[in-house]
Amino acid sequence: MYHHDALSRAVSVDRDITLEALRVFTYLSRRLCFDESTPVLQSELAEALGMQRPNVNRAIKLLENKQILLRDSKLGRAITFRLNPELGGRA
């Protein structure tokens, strides 16, 4: 759990992270791992968070640009992501 705590701290102090991106990160941080990819459907995220899909997409792009989320591959309609272990290792 140490890695998740360190990554959460890094995200919470980044002033570029929007509220939408923080909501997406919070939801995904409970599902994603540092060492293996997990498929994510944007429609599932939008429904679970009560957000519009374009807002979810924008939040994911921001988290990717910040290298908080790492995109690995596509699995059907889902994109596989994992958390960045380099950020999780920082304290």
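The side chain of serine 29 places a polar atom 3.0 Å from the backbone oxygen of threonine 26. This pair falls under the definition of a polar contact (N or O atoms within 3.5 Å; within protein, one must be able to donate a hydrogen and the other to accept it, and residues adjacent in sequence count only if both atoms are side-chain atoms). The structure is a predicted model, in which local features need pLDDT of at least 70 and side-chain atom pairs count only at pLDDT 80 or more, whereas totals for chains, interfaces and linings use all residues. Residues are numbered from 1 along each chain as its sequence is written, and side-chain values use heavy atoms, with hydrogens and water left out.

Serine 29 belongs to helix α2, which spans residues 19–29; helices (H or I, at least four residues) and strands (E, at least two) are DSSP runs, numbered from the N terminus. Serine 29 counts as buried because its relative accessibility is 13%, where buried means under 20% relative accessible area, exposed over 50% and partly exposed in between (1.4 Å probe, protein chains only). Not counting residues up to four places away in sequence, serine 29 touches His4 and Leu83, contact being defined as heavy atoms within 4.5 Å.

The buried residues of α2 are Ala21, Val24, Phe25, Leu28 and Ser29. They lie on the same side of α2 because they cover an arc of only 125° around the axis; the arc is that of the directions from the helix axis to the C-beta atoms.

Isoleucine 68, leaving aside neighbours within four places in sequence, is in contact with Leu7, Val11, Ile17, Phe25, Leu63, Arg82, Leu83, Asn84 and Leu87. Valine 11, one of these partners, lies in helix α1 and is buried because its relative accessible area is 3%. With the neighbours within four places again left aside, valine 11 is in contact with Ile17, Leu22, Phe25 and Ile68. Valine 11 and phenylalanine 25 are 14 residues apart in sequence, and their C-alpha atoms are 8.5 Å apart in space.

Charged pairs form a further group. A salt bridge is a side-chain nitrogen of Lys or Arg within 4 Å of a carboxyl oxygen of Asp or Glu, and by this rule the count comes to five. Arginine 31 pairs with glutamate 44 in a salt bridge whose closest N and O atoms are 2.8 Å apart. This pair links distant parts of the chain, 13 residues apart: arginine 31 is in the loop between α2 and β1 (38–40), and glutamate 44 is in helix α3. Arginine 31 counts as partly exposed at 28% relative accessibility, as does glutamate 44 at 31%.

Aspartate 72 forms a salt bridge with arginine 82, with 3.2 Å between the closest N and O atoms. Here too the pair links distant parts of the chain, with aspartate 72 in strand β2 (residues 69–75) and arginine 82 in strand β3, ten residues apart. Salt bridges that share partners join Asp14, Asp16 and Lys66 into one network.
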